[in-house]
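The structure is shown first.

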2 protein chains.
Amino acid sequence: VPEFDLIDTFVSALPHARAPKGPGDDAAVLGELCVTTDALVEGVHFTRPPFTLADVGHKALATNLSDLAAMGAKPAWWLCALGLPRGFTARQLRELAAGMRPLARAHGLQLAGGNVSQSPVLSLTLTLAGHAKKPLLRSGARAGDLLYVVGWLGEAAAGRTLPAFAPAQRRPTPLVAEGLLAARFATAAIDVSDGLLQDLGHVLHASRVGARLEAARLPLRRELLRHRAALDWALRGGEDYALLLAVPGNRAAALERAWKSRTPLTRIGTFTRAPGLHLDGEPVEATGFQHF
Amino acid sequence: VPEFDLIDTFVSALPHARAPKGPGDDAAVLGELCVTTDALVEGVHFTRPPFTLADVGHKALATNLSDLAAMGAKPAWWLCALGLPRGFTARQLRELAAGMRPLARAHGLQLAGGNVSQSPVLSLTLTLAGHAKKPLLRSGARAGDLLYVVGWLGEAAAGRTLPAFAPAQRRPTPLVAEGLLAARFATAAIDVSDGLLQDLGHVLHASRVGARLEAARLPLRRELLRHRAALDWALRGGEDYALLLAVPGNRAAALERAWKSRTPLTRIGTFTRAPGLHLDGEPVEATGFQHF
């Protein structure tokens with residue numbers, strides 16, 4: 001059963017808040033609070049080696065921060081539920097925390113609570129909350145809006161096979177400041193965790209629009225371009241934690257002028273009234289990284 | 001390494017909020033929001049059988065609701081991170097949700113988001129939030145306050161060996177309404193998840209007081225009393241999800257008058273200026289159920 005059908009099954013069986021407040025965005029919107037939860041499980045999302053405990057700590061916090069970034073929310077506090085295998089030591093726990101500390105400090109994130117329990121494998125389930133007066137939702141894109149990517153695509157997927165890109169997969173950078181800036185101009189956003197096509201597909205579905213993409217515009221690092229799989233990694237690879245933005249045409253120039261980050265902001269296409277996803281004029285399916 | 005040392009190690013390695021806002025109470029206090037996270041892991045906290053999936057769903061929500069009850073908080077919304085073993089079906093997920101639904105409905109709890117990932121064993125990590133203008137903390141007890149228990153003690157521990165009590169261990173009742181009422185009179189509270197002595201020990205430590213307990217006053221069901229282990233189950237058993245309250249002497253009569261619940265409210269002792277824990281005049285150690 002695909003992941004998204006399982007989520008639908010579960011949500012529809014329980015009293016739930018309605019979108020945009022409820023399930024279906026990068027974070028739940030509760031007043032001015034955006035709250036997200038995400039898990040990292042050993043053997044599923046990482047193995048040790050090549051991951052160090054510090055890598056695991058970094059990545060757990062980074063993937064959750066990326067969800068807040070996609071909402072244009074300012075990180076505030078977090079809870080950390082740890083599942084520790086038998087024999088896990090205090091020293092190992094400090095290594096895990098050491099991988100989290102720089103990100104927590106950089107983003108002003110206060111640990112407010114958590115839980116420790118035994119578990120057959122190491123698992124981290126984090127809950128992060130941030131503040132946003134007007135959060136970016138998946139449902140805000142309109143036909144005619146321009147489609148931007150913040151960051152690079154395909155690196156994490158490349159890192160699963162090419163050692164040179166492995167750090168990108170183990171230590172993704174959450175684009176928090178970029179998301180906060182984007183929130184002043186964009187009408188919708190999502191983070192690219194499951195691959196450009198699949199995550200863009202969520203925006204199209206929620207916003208009831210289509211999109212046209214231009215392959216030549218996709219932000220791929222030069223070192224990646226010489227690999228045959230580069231385009232596929234960029235389209236379907238997942239774990240890039242880039243941001244996709246919908247920006248009204250009349251705000252695009254202002255966004256580009258305001259952009260101070262060294263992380264690239266790249267226009268890669270346009271949202272359309274006609275449904276579906278087109279790459280260089282050809283229809284493509286909105287599929288990507290499969291969790292199950 | 002004991003669980004509480006691991007928690008201290010982790011918390012002190014990261015930027016964290018300070019108690020009462022931060023780690024160390026049943027829930028984090030963030031403005032008028034109380035937020036708690038707790039995990040239920042297959043093979044650690046339950047096995048199937050004897051647990052059904054509906055039991056697992058019930059217990060996951062009940063243990064988190066109990067944390068809110070201990071804060072005197074009114075449940076509001078929740079996030080659910082599920083770790084599902086390979087091959088877990090939509091039908092099984094509906095069974096899990098069916099065990100949660102009655103509690104979610106009864107307590108007006110709205111599912112606001114979550115996460116589904118693969119996992120070697122079934123695991124549920126829930127984050128619940130509730131509202132409390134003046135939350136009950138562990139640190140509020142004063143010498144001279146009376147010590148009350150809400151609910152019965154020892155049943156869950158009995159249920160691990162006696163079939164007749166097994167439902168108490170699989171389907172604990174979170175004392176949410178009782179916690180809300182208690183918050184109008186009590187100065188401190190905690191839920192009994194790790195055993196009366198251990199959880200009372202947390203209150204004594206946070207409040208810098210001692211306590212005297214009277215064994216004959218402990219609320220034990222008649223059917224339990226004929227078992228030799230009954231007192232030990234009540235003192236150290238864990239998983240009762242009863243509430244401990246500190247109530248100033250001049251508010252105790254008003255609390256007892258206001259008590260409408262069928263769940264018993266029982267005075268079992270007194271908080272003292274002298275540190276340490278005494279049972280019928282003899283010193284006892286604040287130990288209980290060991291997670292590790």
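In this predicted model, B:Asp280 sits in the loop of chain B that runs between strand 11 (277-279) and strand 12 (282-284). Its phi is positive, about 50°, although B:Asp280 is not a glycine. In chain A, A:Arg208 is another non-glycine residue with positive phi, near 55°. A:Arg208 belongs to the loop between helix 7 (196-207) and strand 8 (210-213) of chain A. A:Arg208 counts as exposed because its relative accessibility is 78%, over the 50% limit.

| Cis peptide bond | Omega |
|---|---|
| A:Pro49 to A:Pro50 | about 10° |
| B:Arg48 to B:Pro49 | near -20° |

A:Pro50 is in the chain A loop between strand 2 (33-41) and helix 2 (53-71). B:Pro49 is in the chain B loop between strand 2 (33-41) and helix 2 (53-71).

The interface comes next. Contacts link 60 residues of chain B with 59 residues of chain A. The two chains bury about 4900 Å² between them, and 74% of that area is on carbon and sulfur atoms. No salt bridges are counted between chain B and chain A, whereas nine residue pairs across the interface are in polar contact. On the chain B side, the elements giving two or more residues include helix 1 (3-12), helix 3 (90-106), strand 4 (110-118) and strand 5 (123-131). Strand 4 of chain B gives the most, with nine residues. By residue class, the side of chain B that touches chain A has 37 nonpolar, 17 polar and six charged residues.

Methods: Residues are numbered from 1 along each chain as its sequence is written. Chains are lettered from A and ligands numbered from 1 in the order in which they are written. This is a predicted model: local features need pLDDT of at least 70, side-chain atom pairs count only at pLDDT 80 or more; totals for chains, interfaces and linings use all residues. Side-chain values use heavy atoms; hydrogens and water are left out. Helices (H or I, at least four residues) and strands (E, at least two) are DSSP runs, numbered from the N terminus. Buried means under 20% relative accessible area, exposed over 50%, partly exposed in between (1.4 Å probe, protein chains only). Contact means heavy atoms within 4.5 Å. Buried area is the accessible area (1.4 Å probe) that two parts lose on being put together, summed over both. A salt bridge is a side-chain nitrogen of Lys or Arg within 4 Å of a carboxyl oxygen of Asp or Glu. A polar contact is a pair of N or O atoms within 3.5 Å; within protein, one must be able to donate a hydrogen and the other to accept it, and residues adjacent in sequence count only if both atoms are side-chain atoms. Ala, Val, Leu, Ile, Met, Phe, Trp, Tyr, Cys and Pro count as nonpolar, Asp, Glu, Lys and Arg as charged, and the others, Gly among them, as polar.
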